[in-house]
Amino acid sequence: MVNERGVQPPGVVLVTGASRFLGGYLVARLAQNPNIDRVIAVDAVSPSKDMLRRMGRAEFVRADIRNPLIGKVIRNAKVDTVVHASSIPKAPKSGSRAAMKDMNVLGAMQLFAVCQKSPDVRKVVVRSSGAVYGGSARDPAKFTEEMSARTPPRGAFARDIIEIEGYARSLGRRRPEIAVSLLRMAPLIGPRMSGPVSRYLNSPVVPTVLGRDPRMQLLHEEDALAALELATVSGPAGTFNIAADGVVMLSQAVRRAGGLAVPVPSQLFRTLGRALMGPSMRDFTKEQLDYFHFGCGFDTGRMRAELGFEPRWTTMQGLDDLINGAGISPMISEDWLRSVESRVQQLVGVGGEQR
């Protein structure tokens, strides 16, 4: 039975990355859908007890997608829909860049190869990232899905995601009957997940790049899950930017979170930032640092017109929910904050410059 979009609902869904926020909560949502016969959660690491409880009737299989076992799981269960949400933004603590690429790119290659050989698979949904657009002073106000990075991305994660998307599109060309959906998500925010934006704004003193005030377009965690669920259950093939309406200037976001923005030269952003923020600055990837330098805007016309998705939260509403729900509170008074920011700007002799 097909829906109004001509898409047949899934019968057996497999979700990778089930121990992480998006993968785990997506499994929980799909398991509550009575029209889906089976939901199989896969990860090399077991989810928490709380997450396993939330998954309900879903079946968890501890497996590495780089292992041939994933092929047996897909074939034996007659999986018809695969959601790939296990790409990692940085190398594991005990690993290296090579290990990260092995997990991301080789893992995706193995998974897509299994999908290509399986006669039952008819849909593949990939959780991608707006990191594919990179970050530079030459960027347009908004990226459409047809655009590529104006400057080749420096970060390992962005390069991995570009490769993963390429392999996914190759799968679609080799097996045109498989609907491949790529969801390029804006940076996620929300009270339940500790993403880079929340960690950045949680600091009482926030380093910013001297002379820049980037526009940030974000995505609430609930909207990210809703978009993935829609793409899995009834979405068409294609590439879609997934982002909230509106933008927020970095200076606005810092002030709203009650922090103090301290402009520093771009060449010293990471080193001086570490002195201001402490060890948490080391955790940011090159993609994330570029985002705090240049920001990124997303054209979401295709998301609405073709995917049929309407975000519930605007960028500003999502930011406020992060601040309120995660307990981010001002560490210093607003009057003192305004006076110090004014003095800092006078010292550096420059105000915020918008992209």
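Which helix or strand gives the largest share of the lining of the largest pocket? That would be H10, with 6 residues. Keep in mind that this is a predicted model. The protein chain has 355 residues, and buried ones make up 52% of them. It has 13 helices and 14 strands. Looking at contacts with a separation of 6 or more, 79% are between residues 24 or more positions apart.

**The largest pocket**

- Start with the pocket itself, which has a volume of about 1,300 Å³.
- Its lining takes in 47 residues, and those nearest the centre of the pocket are Pro-89, Arg-127, Gly-195, Pro-196 and Gln-288.
- Sorted by class, the lining of this pocket has 23 nonpolar residues, along with 12 polar and 12 charged ones.

- You'll find Gln-288 in helix H10, which covers residues 286–294.
- Is Gln-288 buried or exposed? Its relative accessibility is 14%, so Gln-288 counts as buried, the cut-off being under 20%.
- Setting aside residues up to four places away in sequence, Gln-288 touches Pro-196, Arg-199 and Asp-283.
- One of those partners, Pro-196, is also listed among the lining residues nearest the pocket centre.

**Helix H1 and Leu-22**

- The buried residues of H1 include Phe-21, Gly-23, Gly-24, Tyr-25 and Leu-26.
- Further along H1, Val-27, Ala-28, Leu-30 and Ala-31 are buried too.
- Leu-22 also sits in helix H1, and Leu-22 is buried, with a relative accessible area of 6%.
- What does Leu-22 contact, leaving aside neighbours within four places in sequence? Its partners are Arg-127, Met-185, Leu-188, Ala-224, Leu-225 and Leu-228.
- Arg-127, one of the contacts of Leu-22, is another of the lining residues nearest the centre of the largest pocket.
- Leu-22 and Glu-222 are 200 residues apart in sequence, yet their C-alpha atoms are 9.4 Å apart in space.

**Where H3 and H4 meet**

- Helix H3 (residues 69–76) and helix H4 (residues 97–117) have axes that come within 10 Å and cross at roughly 30°.
- The H3 and H4 crossing is right-handed.
- On the H3 side, the contact is made by Ile-70, Gly-71 and Ile-74, while H4 brings Gln-110, Leu-111 and Val-114.
- By class, that contact between H3 and H4 has 4 nonpolar residues, 2 polar ones and no charged ones.

**The loops on either side of H3**

- Asn-67 lies in the loop that links strand E3 (59–62) to H3, and Asn-67 is partly exposed, with a relative accessible area of 39%.
- Asn-67 and Gln-110 are 43 residues apart along the chain, with 8.0 Å between their C-alpha atoms. Gln-110 is one of the H4 residues in the contact with H3.
- Lys-78 belongs to the loop between H3 and strand E4 (81–84).
- Phi of Lys-78 is near 55°, a positive value in a residue other than glycine.
- Lys-78 has a relative accessible area of 53% and is exposed, since exposed means over 50%.

**Two more places to look**

- Val-206 is part of strand E8 (residues 205–209), and with a relative accessible area of 1%, Val-206 is buried.
- Apart from neighbours within four places in sequence, Val-206 contacts Tyr-200, Val-254, Leu-260, Ala-261 and Val-262.
- Between Val-206 and Leu-276 there are 7.2 Å in space, C-alpha to C-alpha, although the two are 70 residues apart in sequence.
- Gln-8 comes in the segment before strand E1 (12–16), and at 40% relative accessibility Gln-8 counts as partly exposed.
- The C-alpha atoms of Gln-8 and Gly-235 are separated by 9.6 Å, with the two residues 227 apart along the chain.

Note on methods
Residues numbered from 1 in each chain as written. Predicted model: local features only at pLDDT ≥ 70, side-chain atom pairs only at ≥ 80, totals over all residues. Heavy atoms only, no water. Buried < 20%, exposed > 50% of the residue type's maximum accessible area, 1.4 Å probe, protein only. Helix = DSSP H or I, 4+ residues; strand = E, 2+ residues; numbered from the N terminus. Contact = heavy atoms within 4.5 Å. Axes fitted to C-alpha atoms, helices over the stretch in contact; angles between N-to-C directions. Left-handed = near helix turned anticlockwise from the far one by under 90°. Nonpolar A, V, L, I, M, F, W, Y, C, P; charged D, E, K, R; others polar. 1 Å grid on protein atoms, 1.4 Å probe; cavity = no way out; pocket = protein on both sides within 12 Å on 5 of 7 lines; lining within 4 Å. Points joined across faces, edges and corners; volume = space filled by probe spheres on them.
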